[in-house]
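Trainee: I would like to go through a structure by asking about it. Please take the questions in order.

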Amino acid sequence: MTTPYQQPAQGTQPPAPPQPPQQPGVQAPQGAPQQAPHQPAPHQQAPQQQAPQQQAPQQPGQAPQGAPQQAPQQQAHYQQAPQAHQPGAQAPQGAPQQGYAAGPVAGYTSPIPIRRTHLGHAIASEWTKIKSVRSTIWTLSVMVALVVGIGLLVAGGTNDSDYSDTPTTIPGLFGTLLGQLCIVTLGVLVVSSEYGTGMIRTTFTASPQRSRVLTAKALVFFAVSFVTTTIALALVAWMSSGMHSGPGVQEPTSKQMMGATLGAGLYVSLLGLLSLAVGSMLRHSAGAITTMLGVVLLPAILPAFLMMSSSLHTLGEKMQKYSSPQSLAALFQIDSELGTGWSQLGVLAGITFAALVAAYALLEKRDV
């Protein structure tokens, strides 16, 4: 037997004190006294201390090597919560990059209706332009005032005997000779005004297909000028026929009435469409208007000088026949020798078509 003061035999260790069982996943409360580690016997040597090994730098958010693993629900005290990414700040290295999706979100439908553009949209745009500018209202108003006003003055200053061999639609001719200059001016301004103000860039940005824009301008302008001119001529013809309806007055036939209203209105509208093509090619209001005034006036003045020469007499006669005053007089059928005027109308339509083709070609090649 050994006494209490005797040490145990060599090679034996005292029994470790009992420890309370620890539940898995539960850490000891902070500040609790830690239990002393198991110490070796006095006669046992301590293990030799090894030199600390150099460890590789750890990534942000990675637990140090050898540290006890915590439960997945808990977060280590050295890990910080992700912060909101500030504009212009660079995300930390290794962090997942967040961004917007390149394409539309699946299942999302835009509340704004998306439709393919077509010629109808361009026509609606040009109609809004032509009716909202003051130049259109003033030019058309002056044209109607000239056609109706001069026509009524001529009809009121003539007698029934003056219409014994001519139809009563003649008074509309005198106002149309001046009213056509207003349509020529308006045709130039429909295109050249946008080039002068720089709005043509906005127009072509909204509608990159330039040919569609020019087509819409031509259709809207032609419709407006034709309807306005035809209504003004029909009003003069109706009022003049009412003022002179006595015996001996030559009543206009259906062909004469059609030529004095539809034919003359079509001729003036084609002349305005030619002005639109010239304005698209020149892109300058003053230059295009001057050019069109030469086209209208020179064929009426130059034949008088050409017919003075025997070699140029035939050319002078042809030029005079297809000039604007002679063509309108033929459509009103003042004299049977002038014809019905439809041949002159066909020549003007051919010239206008050629000018429009040139305008389309230059519009696609040149920059704005």
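This is a predicted model: local features need pLDDT of at least 70, side-chain atom pairs count only at pLDDT 80 or more; totals for chains, interfaces and linings use all residues.

Trainee: How many helices does the chain have?
Mentor: Helices (H or I, at least four residues) and strands (E, at least two) are DSSP runs, numbered from the N terminus. The chain has zero strands, and its helices number ten.

Trainee: What percentage of the residues of the chain count as buried?
Mentor: Buried means under 20% relative accessible area, exposed means over 50%, and partly exposed is in between (1.4 Å probe, protein chains only). The chain has 368 residues, and the part that counts as buried is 30%.

Trainee: At what angle do helix α2 and helix α3 pack?
Mentor: Two packed helices are described by the angle between their axes and the distance between the axes. Axes are lines fitted to C-alpha atoms, for helices over the stretch in contact, and angles run from 0 to 180 degrees between N-to-C directions. For α2 (residues 134-156) and α3 (residues 171-197), the axes are 7 Å apart and the angle is about 170 degrees.

Trainee: Is α2 roughly parallel or roughly antiparallel to α3?
Mentor: Angles under 35 degrees count as roughly parallel, over 145 as roughly antiparallel, 65 to 115 as roughly perpendicular and the rest as oblique. The angle here is about 170 degrees. Therefore α2 is, relative to α3, roughly antiparallel.

Trainee: Which residues are joined with E194 into one network?
Mentor: E194 of helix α3 pairs with K129 of helix α1, so parts 65 residues apart in sequence are tied together. E194 also forms a salt bridge with K217, with the closest N and O atoms 2.4 Å apart. Salt bridges that share partners join E194 into one network with E126, K129 and K217.

Trainee: Is K129 buried or partly exposed?
Mentor: E194, its partner in a salt bridge, is buried, with a relative accessible area of 8%. K129 has 25% relative accessibility, so K129 counts as partly exposed.

Trainee: Which residues is T352 in contact with, leaving aside neighbours within four places in sequence?
Mentor: Contact means heavy atoms within 4.5 Å. T352 is in helix α10 and is buried, with a relative accessible area of 2%. Its contacts beyond those neighbours are L270, L273 and L274.

Trainee: What is the phi of R283?
Mentor: R283 sits in the loop between α6 (254-282) and α7 (285-306). R283 is buried, with a relative accessible area of 18%. Although R283 is not a glycine, its phi is positive, at about 60 degrees.

Key:
Residues are numbered from 1 along each chain as its sequence is written. Side-chain values use heavy atoms; hydrogens and water are left out. A salt bridge is a side-chain nitrogen of Lys or Arg within 4 Å of a carboxyl oxygen of Asp or Glu.
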